[in-house]
Amino acid sequence: MLIDSSKGVEAQTRKLFQVCRRRGIPILHLRQQARSARREPFDNLHEVEEVLGIRTCPITWPLGQAGLQGRGAALRPRLAARAADGEVPAKVREEIELLEAAGDPFDHQKVLRGELSPAFFGSAMTEVGVDEFLDAFVRLAPPPGPRLRIDGSAVVPTEPEFSGFVFKIQANMDPAHRDRLAFVRVCSGRFYRGMDARLPREEKPLRLSMPHQLFGAERQVIEEAGPAT
């Protein structure tokens with residue numbers, strides 16, 4: 001969940017959060033810090049807890065007023081150690097002490113149950129704090145689980161036969177082309193570029209020849225993928 005520090009929790013974020021809550025999906029959130037933002041980190045965490053009704057646990061913390069401003073963020077235990085050694089400003093040391101005394105402790109099981117949201121602070125524009133978020137996401141996110149078919153039977157990720165779930169179709173994403181993309185989650189087996197699949201709704205074969213991995217505005221052709229990718 002990406003939250004803009006200056007705009008706060010927006011209406012669409014609330015809708016998507018409720019979908020995640022109904023389905024028991026764990027939520028990690030990254031607070032996008034802008035240079036013009038003057039909100040205190042504690043205010044940001046309080047807003048998530050009040051508006052969305054989920055407790056938070058900071059994993060990274062902004063150093064300095066008005067966001068990170070290139071000074072970086074550190075993982076919580078490491079930052080606490082640096083604060084104890086006097087390597088960070090007094091204000092930040094006070095915040096860390098308050099987090100240790102009054103903040104929610106990290107509990108991985110609560111995260112997996114969707115009861116606790118690990119909080120990260122960063123800036124995508126300056127590429128600060130994003131790597132820490134992605135590294136933690138890989139460590140903390142649950143492994144792929146089973147998916148239910150229309151008939152109620154389950155597809156487990158370890159099944160050798162390829163299957164995928166089309167969860168979104170979007171058109172005209174590229175202004176230079178009339179394109180239409182289907183977003184697919186691999187549920188089992190292995191996907192290979194150029195493979196033939198079957199579309200159950202229309203009972204006809206479909207060649208998957210131009211698969212892309214999207215990250216922001218970047219598109220990258222992929223050769224293979226599995227349930228965990």
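The side chains of glutamate 223 and arginine 193 meet in a salt bridge, with 3.1 Å from N to O, the term being applied to a side-chain nitrogen of Lys or Arg within 4 Å of a carboxyl oxygen of Asp or Glu. This pair links distant parts of the chain, 30 residues apart: glutamate 223 lies in the loop between strand E15 (218-221) and strand E16 (224-225), and arginine 193 in the loop between strand E11 (191-192) and E12. Glutamate 223 is partly exposed, with a relative accessible area of 48%, and arginine 193 likewise counts as partly exposed at 38%; here buried means under 20% relative accessible area, exposed over 50%, and partly exposed in between (1.4 Å probe, protein chains only). The structure is a predicted model, in which local features need pLDDT of at least 70 and side-chain atom pairs count only at pLDDT 80 or more, whereas totals for chains, interfaces and linings use all residues. Residues are numbered from 1 along each chain as its sequence is written, and side-chain values use heavy atoms, with hydrogens and water left out.

Across the whole structure, 11 salt bridges are found. Side chains of opposite charge can pair when their charged atoms come close. The salt bridge between the side chains of arginine 113 and glutamate 115, at 3.1 Å from N to O, involves residues in another setting: arginine 113 is partly exposed at 46% relative accessible area, and glutamate 115 is partly exposed at 41%. Salt bridges that share partners also join Glu49, Arg55 and Asp104 into one network.

The chain has 6 helices and 16 strands, where helices (H or I, at least four residues) and strands (E, at least two) are DSSP runs numbered from the N terminus. Of its 229 residues, 34% count as buried. Among contacts between residues at least 6 apart in sequence, 57% join residues at least 24 apart, contact meaning heavy atoms within 4.5 Å. The chain exposes about 14700 Å², of which carbon and sulfur atoms supply 53%; accessible areas come from the Shrake-Rupley method with a 1.4 Å probe, and for residues only the protein chains shown count as cover.

An open sheet is formed by 4 strands in the order E1-E2-E6-E3, with parallel pairing; two strands pair if DSSP finds at least two bridges between them. Strand E1 (2-4) and strand E3 (55-58) stand at the edges, each with a single partner strand, so one side of each is left without a neighbour in the sheet. The twist averages 35° from one strand to the next, with axes being lines fitted to C-alpha atoms, for helices over the stretch in contact, and angles running from 0 to 180 degrees between N-to-C directions.

Within this sheet, strand E2 (residues 29-32) runs parallel to strand E6 (residues 116-122), the two being joined by 4 bridges, and glutamine 32 stands opposite glycine 122 in E6. Helix H6 (residues 130-140) packs on the sheet, touching E2 and E6, and its direction makes about 160° with that of E6. E3 and E6 also pair in the parallel sense over 4 bridges, and proline 58 stands opposite alanine 119 in E6. E6 is mostly covered, with 7 of its 7 residues buried. In a regular strand the side chains alternate between the two faces of the sheet. In E6, Leu116, Pro118, Phe120 and Gly122 point one way and Ser117, Ala119 and Phe121 the other way, and all are buried.

Elsewhere, 5 bridges join strand E12 (residues 195-199) to strand E13 (residues 204-208) in an antiparallel arrangement, and arginine 198 has proline 205 in E13 as its bridge partner. These strands form a hairpin with 4 residues between them, and glutamate 203 in the turn has a positive phi of about 50°.

Isoleucine 169 is placed in strand E9 (residues 163-171) and is exposed, with a relative accessible area of 59%.
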